[in-house]
Amino acid sequence: MTETKAVSAQERALPRLSGGLLRRQLQQVLAFASLIVVMAFFSLASPNFLTWSNITGILLSTAVIGILALGTTFVIITGGIDLSVGTGMTLASVMTATFLVTWGWPLTLGVAGGIAFGALMGFVNGFNVAVLRIPPFIATLAMMLIAQGLALVISGTAPIYFNDVPGFTAISGGSLVPGVPNAVLILFVLTALAAVVLSKSILGRYTFALGSNEEATRISGIDVAKWKIVIYTLAGAFTGIAGVVLAARLNSAQPALGLGYELQAIAAVVIGGTSLQGGKGSIVGTIIGALIMGVLVNGLRIMSIPQEWQTVVIGIVILVAVYTDILRRQARAS
Amino acid sequence: MEIAKALSFDARVLIMDEPTAALTESETEVLFGLIAGLKARGTGIVYISHRMEELGRIADRITVLRDGRCIATLETAETELREVISLMVGRRIEGEARPRPPSGDRRVVLRAEGISTKGLLRDVSFELREGEIVGFAGLMGAGRTEVARVLCGADRAESGRIYLRGEPVEIRSPADAARLRIGYLSEDRKRYGLLLDQDVGFNVTLSSLTSYVNALGLVRDSQVREAAQTYVDALRIKTPSLRQRTSNLSGGNQQKIVLAKWLAKDCDVLIFDEPTRGIDVGTKEEIYALLNDLAAAGKAIMMISSELPEVLRMAHRIVVMCEGRVTGVLDNADADQETIMEYATRAGDHGGIR
């Protein structure tokens with residue numbers, strides 16, 4: 001009874017809703033506008049904000065969270081969640097250190113090994129979620145704890161330094177493009193790559209399909225388990241890359257660092273307009289979300305606002321971002 | 001529940017919008033009793049329904065609306081239901097047409113042998129032939145949908161074999177079924193058929209997406225659009241654009257989208273589970289025409305339907321099920337509503353007439 005009514009109501013609204021690109025991308029537009037507003041505010045508040053060195057500083061501090069958030073975006077669009085990217089990143093950097101420092105592998109092999117290890121963790125997450133049917137929250141929570149513990153065990157709870165690995169710190173600190181740290185370059189390249197994969201590739205289409213209606217996707221003849229594993233593995237690979245980039249920036253693998261990064265990555269994804277219910281989201285939104293957080297932290301610091309207040313502000317930003325999204329949906333539904 | 005709530009208002013005028021859509025037959029009888037009681041107490045009732053039989057039974061006058069306009073108001077007692085239907089459609093509907101028997105030798109495309117499941121099905125066997133529509137009749141819970149779900153890989157059978165053109169096949173998942181070109185249109189299109197929050201073009205090309213992908217795994221958008229547009233045009237899906245969200249379309253157009261999805265996949269075996277449920281009369285006719293066209297094009301079609309007139313009108317052969325077993329397989333020429341109902345109620349008689 002209600003079903004019939006709902007359909008007829010939607011039919012009536014149909015001409016009005018056939019709207020275009022702007023409405024479809026509104027959340028990204030809003031996020032981008034907020035980024036501009038926040039940046040304008042800080043540049044007025046402090047002359048030190050809008051300088052080249054400060055901007056690259058923001059980008060540099062955003063790089064690691066941004067890379068994690070890229071992979072997380074895919075997982076969240078499927079309607080899943082990945083809580084293991086923070087400590088997974090730590091374990092990946094510890095493994096990179098093990099390969100390069102302890103075992104003395106050549107640089108490229110060690111770096112590739114670190115990234116592959118991240119992908120392996122993602123694969124295990126995907127297997128647990130898709131084949132063993134463990135809910136993503138639980139499966140990746142378990143992986144988060146396992147990775148946290150293993151990072152401490154393998155490193156012997158002490159940082160591992162890369163002093164004897166020539167060229168390693170250049171992965172983040174060098175500048176292939178003059179004036180732009182490589183970590184920022186990596187973030188940009190990965191963003192472009194992820195955007196193409198999500199919006200153009202068959203993997204991206206299935207990512208949205210899974211999040212929209214997993215059972216309908218399965219009945220449509222798509223190997224849902226396989227693609228879920230691929231998507232979690234992809235998120236794991238991004239985790240591995242973030243691990244390498246972070247280790248190169250710190251010139252060390254820090255086994256105690258990383259917990260909480262997953263929540264910041266999720267926050268960036270959510271601020272960027274990706275729905276935790278799945279089926280909706282974008283890479284551009286995620287990067288804007290990550291930048292908003294980076295700018296806020298940096299700007300508040302420049303204005304000498306204590307660090308404790310910075311996280312309060314970010315929490316409020318998340319609430320505002322998600323609430324505007326809800327308002328927008330209601331406006332569309334009515 | 002909703003109905004009880006409405007009744008508790010003690011209203012002078014009561015509007016009921018498809019009240020029986022979610023009710024079983026016995027519950028419907030109770031509702032009709034209630035309506036008769038309300039009528040006797042002087043309550044005015046606006047009863048919206050697309051179920052003709054219901055209107056014939058309980059309405060005093062019937063108002064026909066089409067495309068937002070009031071077409072006519074008729075006294076039920078003086079009106080043939082066929083007249084109402086033709087007013088709704090805006091064109092005359094052919095009478096009790098029966099399908100023409102398909103000509104020539106029809107090769108067996110799919111053969112099921114002794115399918116049993118843990119839950120319901122017991123030793124289900126039948127054949128689907130090229131160019132043939134096989135109707136599956138039976139009461140609710142007879143196991144027709146369960147058969148369909150086994151064929152399309154959504155559920156696993158406990159025992160039994162499926163042959164495709166004589167070759168035994170294993171269907172472990174819907175992905176296997178799709179590879180074998182078996183498509184399934186669920187009775188619950190919102191749950192099992194559509195990505196409601198995605199657009200029309202995406203839904204139409206979901207199953208066939210791999211055929212529009214280049215070597216790098218990138219989707220050729222122009223081909224996707226072209227293919228989607230082809231099917232939107234061919235099936236006359238009413239949508240302002242390919243980018244329209246599927247949830248904004250009417251039930252009939254949504255059903256056509258699910259159908260288009262499997263046509264785009266170029267399936268040889270199409271399983272329709274209640275293809276005209278919750279669809280307006282005009283679109284129903286279009287779906288019937290499509291089914292006939294598909295059969296004429298050589299597809300093997302399994303059509304589950306609880307509406308006997310629909311089965312009699314469309315199906316070349318009719319498989320009747322009761323409580324998980326096949327109780328009868330009839331040629332259309334030998335079938336009428338009474339015969340089908342007889343087989344459909346043969347609980348306990350497990351002879352399995354063939």
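Guide: In chain A, the axes of helix 5 (residues 85-102) and helix 12 (residues 224-250) come within 7 Å and cross at roughly 60 degrees. This is a predicted model: local features need pLDDT of at least 70 and side-chain atom pairs count only at 80 or more, while totals for chains, interfaces and linings use all residues. Residues are numbered from 1 along each chain as its sequence is written, and chains are lettered from A and ligands numbered from 1 in the order written.

Visitor: Why is helix 5 of chain A called oblique to helix 12 of chain A?
Guide: Angles under 35 degrees count as roughly parallel, over 145 as roughly antiparallel, 65 to 115 as roughly perpendicular and the rest as oblique. The crossing is at roughly 60 degrees, so helix 5 of chain A is oblique to helix 12 of chain A.

Visitor: What makes up the contact, by class, of helix 5 with helix 12 of chain A?
Guide: Residues are in contact if their C-beta atoms, placed from the backbone, lie within 7 Å. Among them are A:G88 and A:A92 of helix 5 and A:G240 and A:G243 of helix 12. By class, there are 9 nonpolar, 8 polar and no charged residues. Ala, Val, Leu, Ile, Met, Phe, Trp, Tyr, Cys and Pro count as nonpolar, Asp, Glu, Lys and Arg as charged, and the others, Gly among them, as polar.

Visitor: How many residues of chain B are in contact with chain A?
Guide: 39 residues of chain B touch 29 of chain A. Helix 6 of chain B gives the largest share of chain B's side, 4 residues.

How values were computed
Axes are lines fitted to C-alpha atoms, for helices over the stretch in contact, and angles run from 0 to 180 degrees between N-to-C directions. Helices (H or I, at least four residues) and strands (E, at least two) are DSSP runs, numbered from the N terminus. Two residues are in contact if their C-beta atoms, placed from the backbone, lie within 7 Å.
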